[in-house]
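Q: I am new to this one. Could you take me through part of it?
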Amino acid sequence: MTEKIHYLLHGIQDRYSALYQDNIAELGTRDIVIASIGGSGQSLLGNILLELGLNYSDPYIDALSADGTSRPVPAYADYRSRLAATDRYGGADTAEGTARWPRFVKTHLTPDFLVHRPLLGAWILVRDPRDALYSWHKFRTDFAKDPLDLKARTFAEWLEQPGPTGVSRLDDWASFYDAWAAARESFPRTTVTTFEDLKSDPVPALEKSLSDLGIDIDVTDLAPAVERSSFDSMRAHEEKHPDNDARDPMTKTRIMRSGTPNEWQSWMTPGLHRKFSTGHIAAAARRFGYRTERT
């Protein structure tokens, strides 16, 4: 891509940075995008795929090539060092020792950004919007510390302020997943995995989704890959490699959290319930089996 688009609208740079625009040009008929809103389990799923010997790339921090390889971009080394799913495999061509094709590529973009590329498939990763948006809020305020995000004094305020597409975070979540659900028929292969299944019953969930995408794997490899990608396993890995954080002892908090299904039950208030239980987000959530009108 010779001419990059630079957005001033708050947040869009997180989804459609200059690096990502370059990487889109490298995608082709053997790439499968994994689409999710932040806070939905991309780090966990990506790490599992790497543990299975599959080719997973993060185009927000890696430079992708048309031959299926990718390489870390030094400018994002700090981000990579705090992301368990990539730090463990960082520093080298991400296709080394893996099956090069298909390549799984992370995206937080709606499908209209990708329709001009002849992709092999789309893997939609979805989480209960109550938990996904709360987790994304924690990332934006505790880790990213974006000044505009920090203007919201509470989670409730953050939900209502404009997000990447200029609408509230609630409408952004709903529009994102509505768009991907509608676009499924345009891809040769598609599947949907919920974060809840990935955490509660991961082996059959992964077996089904990989089968949907035409990926032939040894089913006996799934459970070990899931175990090695667990929060406890990642924490043990960090403890064995303390030098990963030696440059700045104040930044040891990893992006990958020990999230569990239905965490919203511990913080939901009547006011927040009203935000999630009506309108666009409630209808979009029902499409994926979430009944946000219930407490």
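A: A term is needed at the outset: a residue is called buried when its relative accessible area is under 20%. Please note also that this is a predicted model.

Q: Which residues in α3 are buried?
A: In α3, the buried residues are Q42, S43, L44, L45, G46, N47, I48, L49, L50 and E51. That makes 10 of the 10 residues of the helix, so α3 is largely enclosed by the rest of the structure.

Q: What comes after α3?
A: G53 follows the helix, and its phi is positive, near 80 degrees.

Q: Back to Q42: what is its relative accessible area?
A: The value for Q42 is 6%, so the residue counts as buried.

Q: And which residues does Q42 touch, leaving out those up to four places away in sequence?
A: Q42 touches I34, A35, S36, Y56, K106, T107, H108 and L125. With S36, the side chain of Q42 forms a polar contact of 3.3 Å. A polar atom of the Q42 side chain also lies 2.6 Å from the backbone oxygen of I34.

Q: New topic: strand β1. Where are its residues, and how many of them are buried?
A: Strand β1 covers residues 31-35, and five of the five are buried, so the strand is largely enclosed by the rest of the structure.

Q: Which residues lie on each side of β1?
A: D31, V33 and A35 are on one side, with I32 and I34 on the other; both faces are covered. In a regular strand, side chains alternate between the two faces of the sheet.

Q: Which strand is joined to β1, and how many bridges are there?
A: Four bridges join β1 to β6, residues 121-126, and the two strands run parallel. Within β6, W123 is the bridge partner of I34.

Methods: Residues are numbered from 1 along each chain as its sequence is written. This is a predicted model: local features need pLDDT of at least 70, side-chain atom pairs count only at pLDDT 80 or more; totals for chains, interfaces and linings use all residues. Side-chain values use heavy atoms; hydrogens and water are left out. Buried means under 20% relative accessible area, exposed over 50%, partly exposed in between (1.4 Å probe, protein chains only). Two strands pair if DSSP finds at least two bridges between them. A polar contact is a pair of N or O atoms within 3.5 Å; within protein, one must be able to donate a hydrogen and the other to accept it, and residues adjacent in sequence count only if both atoms are side-chain atoms. Contact means heavy atoms within 4.5 Å.
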